[in-house]
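Hi,

Here is the structure I promised to pass along.

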Amino acid sequence: MKTWSCIENCGACCKFDLTDRADLSDKLNKDDIALINSMTSKDGWCKFLDRENKKCTIYENRPHFCQVEKFSSSFKEYKKKGDKFLIDCCKQHISSIHGVRSQQMRNFNIAISRK
Ligand code: SF4
Ligand code: SF4
C-alpha cells in the first residue's frame, strides 16, 4: 500500500485559487480566508514560498490549512480513502504546476512507494 509523503523541491500546493475550491468553503473560516488573501501574490503564489528552492520559509509556523495531514483529516474523502486521497490531491497539484512527466512527479511516486 502506498503511503503519502511530501517531497522537497515541489511547492505545487502553494498556489491558491479559492474560486476553484468550493470544497473548502466549510473548512475555512473568515480569518482563514483573510489570511490566505494576505498571503497570496497577484499571480496566485504564496508569498512565503521560496520560489527558487520551492521551499516554505515559514514551515514551522505555517497555517493550519498548510499542514496537510492535520487539515485533511476534516475531509470526508480522507476518512473514506485515507492516504489515497492525499496522494490524489498531490498528484493533481504536481501535474497542473510541474507537469505529469516532471521530476517532481517522479520523485513523488518514488516517495510514496518507499514507505
Ligand atoms: S503538492 Fe504534495 S508533495 Fe508537493 S509540496 Fe504540496 S504536499 Fe508536498
Ligand atoms: S505558508 Fe508555506 S506551505 Fe503554506 S502555502 Fe505558503 S509556502 Fe506553502
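**Helix H4 and its surroundings**

Helix H4 has 15 residues and reaches 21 Å from its first C-alpha to its last, close to the 21 Å expected at 1.5 Å a residue (the expected span being 1.5 Å times one less than the number of residues; helices are DSSP runs of H or I with at least four residues, numbered from the N terminus). This is a predicted model, where local features need pLDDT of at least 70 and side-chain atom pairs count only at pLDDT 80 or more, while totals for chains, interfaces and linings use all residues. Residues are numbered from 1 along each chain as its sequence is written, and chains are lettered from A and ligands numbered from 1 in the order written.

Leu86, Cys90 and Ile94 are the buried residues of H4 (buried: 20 or more other C-beta atoms within 10 Å of its own; exposed: 12 or fewer; C-beta atoms are placed from the backbone). Down the axis of H4 they fall within an arc of 60 degrees, so they line one face of the helix (the arc is that of the directions from the axis to the C-beta atoms). The face turned away from that buried side carries the exposed Gln92 and Ser96. The buried residues of H4 pack against helix H2 (68-72) and H5, contact being C-beta atoms within 7 Å. Just after H4, Gly99 takes a positive phi of about 105 degrees.

As for Ile7, leaving out residues up to four places away in sequence, its contacts are Gln104, Asn107, Phe108 and Ala111.

Best wishes

Conventions: Contact = placed C-beta atoms within 7 Å. Helix = DSSP H or I, 4+ residues; strand = E, 2+ residues; numbered from the N terminus.
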